[in-house]
Amino acid sequence: MLFVALKQAALAQCRKYSAMAASNGLVFRQLFEPVSCTYTYLLADKDTKEAILIDPVLEKAERDAKLIKDLGLNMIYAANTHCHADHITGTGVLKKLLPGCKSVISKNSGARADLYIHEGDQIQFGKFWLEARSTPGHTDGCLTYVLNDKSMAFTGDALLIRGCGRTDFQQGCPKTLYHSVHSKIFSLPENCLLYPGHDYTGQTVSSVEEEKRLNPRLTKDEAEFVKIMNNLNLPKPKQIDIAVPANLKCGIQDP
Ligand SMILES: N[C@@H](CCC(=O)N[C@@H](CSS)C(=O)NCC(=O)O)C(=O)O
């Protein structure tokens with residue numbers, strides 16, 4: 001009963017933010033893949049129809065392509081926040097399903113894509129753009145994508161709601177992650193909404209103000225943060241051995 005009420009509250013919150021986005025001509029959807037608990041984000045310009053997907057998942061590529069077609073959008077970019085270790089990106093399949101769409105990732109990820117981006121680069125879709133901020137620490141190539149008016153940021157695995165990405169494989173480094181979050185994410189306006197790459201607890205969105213006040217890891221000083229991160233003792237992601245090699249090719253479809 002309580003779970004149903006919480007789920008309904010989360011859905012209502014999502015709808016509220018989607019409606020807010022629609023009021024300035026931004027189409028916005030938060031999509032979920034339940035096996036790896038990954039969020040995919042669709043952003044588009046209502047007028048020009050240009051659209052971008054952030055962190056699509058292979059198993060949901062058909063769903064995402066259908067939504068884009070149903071909404072009459074033209075997907076120009078499928079962007080990854082980083083080279084994921086827990087799921088295979090949907091970018092390769094989406095490029096086939098939606099011809100003309102380009103895959104995007106940071107050069108520092110070491111992964112292949114049509115377009116490589118760096119700190120400060122802007123990805124334009126219609127009258128909107130996402131600014132790429134380099135937020136390494138979970139992996140070297142992690143990017144946070146910030147909407148042009150700084151009302152929303154897509155943090156990938158650098159910052160999760162009341163948590164953060166683990167730092168015990170790929171190029172993980174707790175000190176680097178601590179610096180990334182404090183300098184590149186916590187420096188955004190307090191009311192900037194934060195959308196993570198995953199959530200394992202049923203949360204959908206947070207804000208800079210909330211995470212600066214309540215994040216149990218990142219409110220600590222650097223030394224304490226490093227200690228916490230070095231003692232998480234999490235099991236390895238189940239798909240890591242297939243996901244990383246596939247994602248280095250930006251999905252299984254790129255030759
Ligand atoms: N059980 C999941 C993997 C869960 C996990 O390790 N998540 C990562 C992000 S995906 S690499 C993480 O950083 N978690 C941080 C945390 O504190 O949980 C699976 O097997 O896929």
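Two strands count as paired if DSSP finds at least two bridges between them. Helices (H or I, at least four residues) and strands (E, at least two) are DSSP runs, numbered from the N terminus. The model shown above is predicted: local features need pLDDT of at least 70, side-chain atom pairs count only at pLDDT 80 or more, and totals for chains, interfaces and linings use all residues. Residues are numbered from 1 along each chain as its sequence is written.

**The chain as a whole**

The chain contains 7 helices and 14 strands. Of its 255 residues, 48% are buried; a residue is buried if 20 or more other C-beta atoms lie within 10 Å of its own, exposed if 12 or fewer, and partly exposed in between, with C-beta atoms placed from the backbone. Two residues are in contact if their C-beta atoms, placed from the backbone, lie within 7 Å. Among contacts with a separation of 6 or more, 62% join residues 24 or more positions apart.

A UniProt record (unreviewed entry) lists residues 37-198 as "domain: Metallo-beta-lactamase"; such annotations may be inferred rather than shown by experiment. The end C-alpha atoms of that span lie 6 Å apart, and the span is 18% helix and 35% strand.

**Strands S1, S2 and S3**

Let's start with strand S2 (residues 38-45), where 7 of the 8 residues are buried, so this strand is largely enclosed by the rest of the structure. Strand S2 pairs with S1 and with S3, and the table sets these pairings beside that of S8 and S9.

| Strands | Direction | Bridges | A bridge pair |
|---|---|---|---|
| S1 (residues 26-33) and S2 | antiparallel | 8 bridges | Val 27 and Ala 44 |
| S8 (residues 128-134) and S9 (residues 143-147) | antiparallel | 5 bridges | Ser 134 and Leu 143 |

The hairpin of S1 and S2 has 4 residues between its strands, and Cys 37 in the turn has a positive phi of about 55°. The hairpin of S2 and S3 has 4 residues between the strands, with Lys 49 taking a positive phi near 75°.

**The nonpolar core**

A nonpolar core is a set of buried Ala, Val, Leu, Ile, Met, Phe, Trp, Tyr and Cys residues joined through C-beta atoms within 7 Å. The largest one has 67 residues, and those touching the most other members include Leu 43, Ile 52 and Phe 125. Not counting residues up to four places away in sequence, Phe 125 touches residues including Leu 43, Ala 51, Ile 52 and Tyr 77.

Six strands form an open sheet in the order S7-S8-S9-S10-S13-S14, with mixed pairing. Strands S7 (122-125) and S14 (206-207) stand at the edges with a single partner strand each, so one side of each is left without a neighbour in the sheet.

Strand S8 holds Trp 129. Trp 129 is partly exposed, with 17 other C-beta atoms within 10 Å. Leaving aside residues up to four places away in sequence, Trp 129 touches Gln 122, Ile 123, Gln 124 and Asn 148.

**Around the ligand**

The residues surrounding the ligand include Ser 36, Asp 86, Asp 157, Arg 166, His 198 and Lys 238; a residue counts as near a molecule if its C-beta atom, placed from the backbone, lies within 6 Å of it. By class, this shell has 3 nonpolar, 5 polar and 4 charged residues. Here Ala, Val, Leu, Ile, Met, Phe, Trp, Tyr, Cys and Pro count as nonpolar, Asp, Glu, Lys and Arg as charged, and the others, Gly among them, as polar.
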